[in-house]
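This report describes one protein chain. Please keep the sequence and the structure in view while reading.

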Amino acid sequence: MDKWTLGIESTAHTLSFGLTDPSGTPFPSCSDTVSPDEGGIHPREAADHHKEVASVLLGKLLLQNELSITDIGAVAYSQGPGLGPCLRVGAAIARGISSRLGIPLIGVNHCVAHIEIGRDQCGCVDPVLLYVSGGNTQVIARLEGRYRVLGETLDIGIGNMLDKFARTQGIPFPGGPVIEKLAAQWLAENPNPSMDGLELPYAVRGMDLAFSGVMTAAQRLLDSGKSLGAVCWSLQEHAFSACVEVAERAMAHTGKSELLLGGGVACNMRLRKMCELMAEERESISFAPPRMYCIDNGTMIAKLGFLELQNGRITTYAESAIDQYLRTDQTPISWA
Ligand code: ATP
Ligand code: FE2
């Protein structure tokens, strides 16, 4: 193919357009994230936001790369999982571009896209993936042509948990980065911290995880007079070590020696450090992609679209409906 692949991401709070060049090399996205004044994200309001900003964002992306729309030879979009109204906006834009330009349409799995951009950026071959985002928390490994979920959250995603906890303290979405900052500041003031009085429930349930109890208990610590910084630190330590423990067991079980972080929470420096320490102890390596490719981005959708297209898969109009509940292991993986 001598043309570029456009990727459209719209699973939740972010609308993002990204590109891969004719050889499949990723180029940074143009994104816009809805940030509600108060409360959580309302799916229909987010969808309205996506509709409003779409054409300006796409224009910006093309301009920034000195391309015209006719340089695009295929269009990929997040088919799921995600919020229905948001997914439908991305799918509708993709169908429109595909039919107007007469180019292939490729509906892709958002979770698999997080994995493939990570492999591309980090150059790892066969990792166990710790996928930690707002809506998802999964430990994944590739076995027999699929990305299999070896463990996952039984209730809310770790990012949602952090965001909800932050919201109770008046911190707007996304709360994860603010919690990271508060925890780091508190640690700088308390260089030899003790968990005494700051214990929280442990989120591990066999190979799975559960975070809602951790959040409630963290709120109770605040009610009992502990400082916000101390509780943010404890919350990170508890929630992240639970994820790292499940990932470590997945590595031991599958015999794999690479760990790859993905999803928005993978931006967190403390989580990255914990993963590095665990991997080192196992004589393995931990990888984390650049932050712009951890959070939701159109580039990862373009990358997976490119891979799917190279392997002969395109999406017909009849198959192009979104699937809010698409699972990581539903998508066959035919590339190396
Ligand atoms: P998915 O659809 O894959 O669940 P998502 O819609 O949650 O993705 P992402 O951009 O992958 O979107 O992740 C956003 C989440 O990442 C938010 O919950 C946000 O608080 C969290 N996050 C971002 N940066 C950090 C950070 N530095 N530390 C902790 N959490 C972070
Ligand atoms: Fe995501």
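Which exposed residues does the face of α8 turned away from its buried side carry? They are E280 and E281. Exposed means over 50% relative accessible area, buried under 20%, and partly exposed in between, with a 1.4 Å probe and protein chains only.

The model is predicted: local features need pLDDT of at least 70, side-chain atom pairs count only at pLDDT 80 or more, and totals for chains, interfaces and linings use all residues. Residues are numbered from 1 along each chain as its sequence is written, chains are lettered from A and ligands numbered from 1 in the order in which they are written, and side-chain values use heavy atoms, with hydrogens and water left out.

**Helix α8**

Helices (H or I, at least four residues) and strands (E, at least two) are DSSP runs, numbered from the N terminus. Helix α8 covers residues 269-281, and at 1.5 Å a residue its 13 residues should span 18 Å. The expected span is 1.5 Å times one less than the number of residues. The end C-alpha atoms of α8 are 19 Å apart, which agrees.

The buried residues of α8 are L271, R272, M274, C275, M278 and A279. Seen down the helix axis, the buried residues fall within an arc of 160 degrees, so they line one face of α8. The arc is that of the directions from the axis to the C-beta atoms. At the start of α8, a side-chain oxygen of N268 comes to within 2.9 Å of the backbone nitrogen of R270. Just after the helix, E283 has a positive phi of about 55 degrees.

The table lists elements included in what covers the buried residues of α8.

| Element | Residues |
|---|---|
| β6 | 128-132 |
| α7 | 228-254 |
| β11 | 258-262 |
| β12 | 285-287 |

**The two domains**

The domain bounds come from an automatic or database assignment, which gives domain 1 (4-115 + 293-330) and domain 2 (124-291). Their centres, taken over C-alpha atoms, are separated by 27 Å. Contact means heavy atoms within 4.5 Å; 19 residues of domain 1 are in contact with 21 residues of domain 2. Buried area is the accessible area (1.4 Å probe) that two parts lose on being put together, summed over both. Domain 1 and domain 2 bury about 1,700 Å² between them, 63% of it on carbon and sulfur atoms. In domain 1, I115, C294 and D329 lose the most area to domain 2, together 35% of what that side buries.

Conventions: Polar contact = N/O pair within 3.5 Å; in protein donor to acceptor, adjacent residues only side chain to side chain.
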